[in-house]
Amino acid sequence: MVHLTTEEKAAITGLWAKVNVEETGGEALGRLLVVYPWTQRFFDTFGNLSSPSAIMGNPKVKAHGKKVLTSFEDAIKNMDNLKDTFAKLSELHCDKLHVDPENFRLLGNVMVIVLASHFGKDFTPQVQAAWQKLVSGVATALSHKYH
Amino acid sequence: MVLSATDKANVKTFWGKLGGHGGEYGGEALDRMFQAHPTTKTYFPHFDLNPGSAQVKGHGKKVADALTTAVNNLDDVPGALSALSDLHAHKLRVDPVNFKLLSHCLLVTLALHHPADFTPAVHASLDKFLATVATVLTSKYR
């Protein structure tokens, strides 16, 4: 269970207000597929993933990235109750999608890197630390229903 | 995992653009790591770990200089970092999990300061490079 202080929550929501969910989602998912190519195993139906530029420009990657980040919005609205918020998605990722939870950790860290590259100095160590707690909490919540 | 010729070129080119800020980035990465992953502080009970600490800055420069040595010797990273490898195995004994944490914070720092050059392909190469360094530094642990 992740416990975020008032300051950490403010740091998270403050940054989120400026995030372009569509672009950031696509970029994070794209980078995951480029940097950790074995994660492409879940996306056989996505078409051309043959090079970094193919991946980053792939419309299915962008669309799916947007979907993933939009669900992150739920996390931010429910920071005190991530486990319940992601219960259904956790079951889905285990029973239907068969995704190793290690992938949630990898994606969370790629998201942090993307935020850093977009926000520069505003992405202070304190802000990063708050986001690390959040992405770690989301990864844990998404693995909670695994069996 | 092997560094391809492209990876080596990407790393060398990117590192060349750091403009002498390597030491500063090393310190920032450590600072970020201590704040985001407090368990890493257990290896530095003898340090002042408050942000801006001179000890952290000094240590950051050490880390950056070692990485620069690796960048200049990409064809033989084990050879170039052999002494550091011995040090980490026999004296420091930092648990291997921590190298991932520092590597991540280094990537965050580099992405933050050089977003235009930190393309997905370069990001991949740097990630592989840091993983290679980590593997070398833990290679003599047992």
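Guide: Contact here means heavy atoms within 4.5 Å. This is a predicted model. By that cut-off, 20 residues of chain B are in contact with 20 residues of chain A.

Visitor: What makes up the area buried between chain B and chain A, and how many salt bridges are counted there?

Guide: The two chains bury about 1,700 Å² between them, with 65% of it on carbon and sulfur atoms. The salt bridge count between chain B and chain A is zero.

Visitor: Why is B:Phe44 called buried?

Guide: Buried means under 20% relative accessible area. B:Phe44 has 14% relative accessibility, so B:Phe44 counts as buried. B:Phe47, at 19%, therefore counts as buried too.

Visitor: Why is the aromatic pair of B:Phe44 and B:Phe47 called tilted?

Guide: Ring centres must lie within 6.5 Å to pair, and planes under 30 degrees apart count as stacked, over 60 as edge-to-face and the rest as tilted. These two rings are 5.1 Å apart centre to centre, with 50° between the planes. The pair is therefore tilted. Over all chains, the count comes to eleven aromatic pairs.

Visitor: What makes A:Arg41 a charge over a ring?

Guide: One condition is that CZ of Arg is within 6 Å of the ring centre. The charged end of A:Arg41 sits over the ring of A:Phe42, 4.9 Å from its centre.

Visitor: Which residues have the most contacts inside the largest nonpolar core?

Guide: They are A:Phe72, A:Phe123, A:Trp131, A:Leu134 and B:Phe129, in a core of 89 residues. Helix H7 (residues 102-119) of chain A gives the largest share, eleven residues. A:Phe72 and A:Trp131 also form one aromatic cluster with A:Trp16. B:Phe129 touches residues including B:Leu3, B:Val11 and B:Leu67.

Methods: Residues numbered from 1 in each chain as written. Chains lettered and ligands numbered in written order. Predicted model: local features only at pLDDT ≥ 70, side-chain atom pairs only at ≥ 80, totals over all residues. Heavy atoms only, no water. Core = buried A, V, L, I, M, F, W, Y, C linked by side-chain atoms within 4.5 Å. Buried < 20%, exposed > 50% of the residue type's maximum accessible area, 1.4 Å probe, protein only. Helix = DSSP H or I, 4+ residues; strand = E, 2+ residues; numbered from the N terminus. Phe/Tyr/Trp six-rings, centres within 6.5 Å; stacked < 30°, edge-to-face > 60°. Lys NZ or Arg CZ within 6 Å of the ring centre and 35° of its normal. Buried area = accessible area lost by both parts, 1.4 Å probe. Salt bridge = Lys/Arg side-chain N within 4 Å of Asp/Glu carboxyl O. Lists of a residue's contacts leave out its neighbours within four places in sequence.
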